[in-house]
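Have the sequence and the structure at hand while reading.

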Amino acid sequence: MQKIVIIIIGLFVSTIYAQEEKQMWAKSYLNKEAPVLVVEKWLSDEPDVTNKFVLIDFWATWCGPCKKAIPNLNDFQQEFKEDLVVIGISDEPKSTVKKLKKPVISYYSAIDTKKTLFNLYQIEGLPHCVIIDPNGIVRWEGFPDLEDFELTSKVIEDIIKTYKPE
């Protein structure tokens, strides 16, 4: 009987612990070197990412949560323009991305129809964002609106303060 109680308690504790972990829909590169930024075609000017933090947003025009995140990404680009470059990458054709009129994207944009970068990150769910520091290390990753793990101005500010080279 005592063994059964211990097993039940162990299962309960492991279930609670699992629920506190951040759920991911892509390969984790957290605190590891990010894959090299490769895009098929820039739909905007190509950004200068030298000595900048780079926020990559993997998204699609058909994805409701992706479109919901665009205004926040616009705000992040503006708020942290001295330190951060925001790049949206879609695996859809240029014509499909260009048809999206609302919300307006005011950050950098590219397509990856061959899914080169999508495959390197093993993207299984959208949107998926990563923040890469100026040394090429991933410092944040995940679904930007995941409850208790949201990507916010405060999160970005803390990452920049912590990892900005002197």
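Is Lys 68 buried or exposed? In this predicted model, Lys 68 has a relative accessible area of 58%. Exposed means over 50%, so Lys 68 counts as exposed.

**Salt bridges**

The whole structure holds 6 salt bridges. One of them joins the side chains of Asp 145 and Lys 68, with 3.9 Å from N to O. This pair connects distant parts of the chain, as the two residues are 77 residues apart. Lys 68 belongs to helix α2, residues 64-79, while Asp 145 sits in the loop between β6 (138-142) and α5 (153-163). Asp 145 has a relative accessible area of 28% and is partly exposed, whereas Lys 68 is exposed.

A salt bridge also forms between Glu 157 and Lys 161, whose side chains meet at 3.1 Å, N to O. Glu 157 is partly exposed at 29% relative accessibility, and Lys 161 is exposed at 62%.

Where does Asp 133 stand, buried or exposed? Asp 133 has a relative accessibility of 3%. The limit for buried is under 20%, and therefore Asp 133 counts as buried. Its salt-bridge partner is Arg 139, and the closest N and O atoms of the two are 2.9 Å apart.

| Asp 145 | Lys 68 | 3.9 Å |

**Pockets**

Rolling a probe the size of a water molecule over the atoms shows where empty space is left. How much space lies in the largest pocket? The volume is about 280 Å³. Its lining consists of 15 residues, and those nearest the centre are Leu 37, Val 49, Val 54, Ile 132 and Gly 136. Sorted by class, the lining has 9 nonpolar, 3 polar and 3 charged residues.

The second largest pocket contains about 190 Å³ of space. Among the residues that line this pocket are Leu 43, Ser 44, Trp 59, Val 97 and Lys 98. The lining also includes Leu 100, Lys 101, Pro 103, Val 104 and Ile 105, as well as Tyr 107 and Ser 109. By class, 8 of the lining residues are nonpolar, 2 are polar and 2 are charged.

Methods:
Residues numbered from 1 in each chain as written. Predicted model: local features only at pLDDT ≥ 70, side-chain atom pairs only at ≥ 80, totals over all residues. Heavy atoms only, no water. 1 Å grid on protein atoms, 1.4 Å probe; cavity = no way out; pocket = protein on both sides within 12 Å on 5 of 7 lines; lining within 4 Å. Points joined across faces, edges and corners; volume = space filled by probe spheres on them. Nonpolar A, V, L, I, M, F, W, Y, C, P; charged D, E, K, R; others polar. Salt bridge = Lys/Arg side-chain N within 4 Å of Asp/Glu carboxyl O. Helix = DSSP H or I, 4+ residues; strand = E, 2+ residues; numbered from the N terminus. Buried < 20%, exposed > 50% of the residue type's maximum accessible area, 1.4 Å probe, protein only.
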